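Thanks for making time this morning.

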Amino acid sequence: MVFSSEAFLFLFLPAFLALYYLTPERWRSLILLLGSYAFYAWWRVDFLHCSSSRRSGRG
């Protein structure tokens with residue numbers, strides 16, 4: 001997904017921002033992490049494997 005695409009601007013971004021601001025502050029970091037995974041998976045699901053292996057130090 002590209003930041004200037006209609007899917008991002010009119011679907012993903014409004015839904016993400018609504019969810020983020022409706023979430024209690026304690027859980028907002030988790031929402032950011034899940035939102036970033038959803039963003040990368042929207043374009044190519046195999047990027048999730050790359051990002052998760054880097055987080056765990058195996059990449």
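Before I point to any residue, let me say what I mean by a helix: a helix here is a DSSP run of H or I with at least four residues, and the helices are numbered from the N terminus. In that sense, Ala-38 has its place in helix α2. Please keep in mind throughout that what you see is a predicted model.

With that term settled, the secondary structure of the protein chain comes to 3 helices and 0 strands, and reading along the sequence gives the pattern α-α-α. The chain has 59 residues, of which 19% count as buried.

Helix α1 covers residues 6–22, while helix α2 covers residues 28–43. How far apart are the axes of α1 and α2, and at what angle do they pack? The axes lie 10 Å apart, and the angle is about 165°. Because angles over 145 degrees count as roughly antiparallel, α1 is roughly antiparallel to α2. As for handedness, the crossing of α1 and α2 is right-handed.

Phe-8 is found in helix α1, and it is buried, since its relative accessible area is 9% and the cut-off for buried is under 20%. Phe-8 and Phe-39 are 31 residues apart in sequence, yet from C-alpha to C-alpha they are 8.7 Å apart in space.

Is Ala-38 buried, exposed or partly exposed? Its relative accessibility is 36%, so Ala-38 counts as partly exposed. Between Ala-38 and Phe-12 there is a separation of 26 residues in sequence, and their C-alpha atoms are 9.1 Å apart in space.

Finally, the surface. Which residues make the nonpolar surface patch? The patch is made by Leu-9, Phe-10, Leu-11 and Trp-42, and its area is about 460 Å². Helix α1 gives the largest share of this patch, with 3 residues, whereas Trp-42 has its place in helix α2. Trp-42 has a relative accessibility of 45%, and therefore counts as partly exposed.

To bring the two ends of the talk together, the helices that pack at about 165° are α1, the source of the largest share of the nonpolar patch, and α2, where Trp-42 is placed.

Terms used
Residues numbered from 1 in each chain as written. Predicted model: local features only at pLDDT ≥ 70, side-chain atom pairs only at ≥ 80, totals over all residues. Heavy atoms only, no water. Patch = residues over 30% accessible without salt bridge, like charges linked within 9 Å, V, L, I, M, F, W, Y side chains within 5 Å. Areas by Shrake-Rupley, 256 points an atom, 1.4 Å probe, with all protein chains shown as cover. Salt bridge = Lys/Arg side-chain N within 4 Å of Asp/Glu carboxyl O. Buried < 20%, exposed > 50% of the residue type's maximum accessible area, 1.4 Å probe, protein only. Axes fitted to C-alpha atoms, helices over the stretch in contact; angles between N-to-C directions. Parallel < 35°, antiparallel > 145°, perpendicular 65-115°, else oblique. Left-handed = near helix turned anticlockwise from the far one by under 90°.
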